[in-house]
Amino acid sequence: MSPWSFFLGHRTEILSATLDHLTLVIIAMAIAILIGVPLGMFIIHRPTLRTIALGAASIFQTIPSLALFGFLIPIPFIGGIGKRTAIAALVLYALLPILRNTVVGLSGIDPAILEAAEAMGMTPGQILFRVRFPLALAVILAGIRTATVITIGVATIAAAIGAGGLGTFIFRGVALVSDSLILAGAVPAAMLAIFADFLLSLLERRLRVV
Amino acid sequence: MNTKPLPLPEPAAAPAIDVRGVTYRVACAPGQTQISPFRNLVCNVSLAVFPGETLVLLGRSGSGKTTLLRLINRMLVPSSGEVLVESRATTVWDPIRLRRHIGYVIQEAGLFPHFTVAENVGLVPALEKWHPDRIAARVRELLQLVGLDPDEFSTRRPRQLSGGQRQRVGVARALAADPPILLMDEPFGALDPVTRGELQREFSALARRLGKTIVFVTHDIREALLLASRIVLLEAGCVVASAAPEEFPRLIHPEVQAFTACLGDEPEASS
């Protein structure tokens with residue numbers, strides 16, 4: 001059977017796996033953003049904490065994804081078989097690009113602007129939220145974009161711990177030595193990544209104020 | 001104190017800014033062979049700025065002018081001595097209140113690129129929670145004051161302005177909440193000579209009209225002579241001369257002479 005006719009024959013199955021995949025990515029990204037961006041804001045003026053947080057995030061990034069999923073299974077609350085563990089692992093992966101770009105974006109503001117803000121009598125909170133954050137938004141979004149693309153890719157491996165998604169086809173295809181099955185998972189995943197990248201790059205360009 | 005009695009505008013008035021024996025030191029980078037582990041950026045400076053006066057701090061790069069300016073609005077705190085603003089030490093002032101009480105203009109203006117011109121000018125009033133109508137009226141008034149048509153410029157972003165226009169907006173922003181004191185750190189330093197001359201003349205007229213107390217930092221003696229009611233010359237963190245602009249070139253201190261020597265050179269090379 002050609003990959004194309006396989007694809008047509010299983011399109012409802014593929015579509016529902018794609019939606020599963022997307023759900024996994026969206027939930028993981030939402031959590032990673034909610035952790036990464038505020039954490040980045042919190043650590044910019046705290047050098048020690050900054051080193052620790054960025055170091056920890058880098059370490060998670062270096063653990064092979066399959067191993068990370070494996071490590072998480074025995075951990076209570078977030079562990080076990082299924083979506084929850086997969087999301088936890090995806091969050092850990094997405095954290096580094098978001099955290100790093102948040103820190104870089106917030107600390108890369110023109111010193112003259114910060115000096116003016118301070119001299120105008122803005123409080124540290126006002127400087128953070130009204131000056132640093134809006135000016136760093138494009139850089140932060142670039143980090144979110146990188147993280148999204150990574151997460152879409154890594155999420156295919158989540159199928160190994162029973163989280164579903166497009167990885168299901170890939171693993172089945174590898175086991176059955178079927179190119180059609182592998183492609184049925186890999187092509188939509190790749191398209192998802194390209195599409196997300198494009199969409200976020202548009203948003204990023206709109207937010208680039210300077 | 002190495003200043004002689006000065007021609008004061010209002011001899012009886014209390015100084016708006018009173019710098020009393022202020023030293024500001026920073027730790028030296030380790031490894032440097034130094035006698036002391038500290039370096040004085042500002043060294044035992046005393047000077048008083050009286051209401052309505054335009055005091056120009058003149059000096060080379062690294063002479064401590066900007067540091068002294070930043071000690072006035074408590075961006076820095078003296079290592080010893082004290083700075084009184086309206087008879088209260090800056091360390092007693094709430095820093096936020098103090099800074100909103102003092103306008104500040106810097107080179108390249110430091111405008112917020114994500115704000116429109118109107119939002120930049122209306123910043124301090126907005127922080128002070130003025131009514132939006134009052135802010136809008138004030139912004140129009142100020143843009144007219146600095147020679148920018150409000151209808152044309154209000155909605156522009158800083159990047160859509162020329163250097164001179166940005167600097168005008170910077171001045172308008174500093175004046176927004178009508179602060180009695182204005183600190184200016186080489187505000188016209190990055191402009192081309194023609195625009196700079198224009199802004200200097202306009203600003204000098206404006207300053208006289210508004211009656212603000214102004215501390216103006218520059219390394220350009222022409223600018224100092226044009227704008228100052230008094231010039232204070234700094235060298236290596238210390239005050240070495242203080243005089244009215246008419247008397248200043250006649251002082252015999254070598255650093256004064258180094259500066260007045262620049263006056264001979266025709267059109268001053270760009271900073």
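Q: How many bridges join strand 4 and strand 5 of chain B?
A: In this predicted model, local features need pLDDT of at least 70, side-chain atom pairs count only at pLDDT 80 or more, and totals for chains, interfaces and linings use all residues. Residues are numbered from 1 along each chain as its sequence is written, while chains are lettered from A and ligands numbered from 1 in the order in which they are written. Strands are DSSP runs (E, at least two residues; helices are H or I, at least four), numbered from the N terminus, and two strands pair if DSSP finds at least two bridges between them. Strand 4 (residues 80-85) of chain B pairs with strand 5 of chain B in the antiparallel sense, and the number of bridges is two.

Q: Which residue is the bridge partner of Leu84(B)?
A: Let's stay with this pair of strands. The partner lies in strand 5 of chain B. For Leu84(B), that partner is Ala89(B).

Q: Which residue takes a positive phi in the hairpin of strand 4 and strand 5 of chain B?
A: This hairpin has two residues between the strands. The residue with a positive phi, near 50°, is Glu86(B).

Q: Which strands of chain B stand at the edges of the open sheet?
A: Four strands of chain B form the open sheet in the order 2-1-4-5, with antiparallel pairing.

Q: In strand 4 of chain B, which residue is the bridge partner of Arg20(B)?
A: Strand 1 of chain B and strand 4 of chain B pair in the antiparallel sense over five bridges. For Arg20(B), the bridge partner is Glu82(B).
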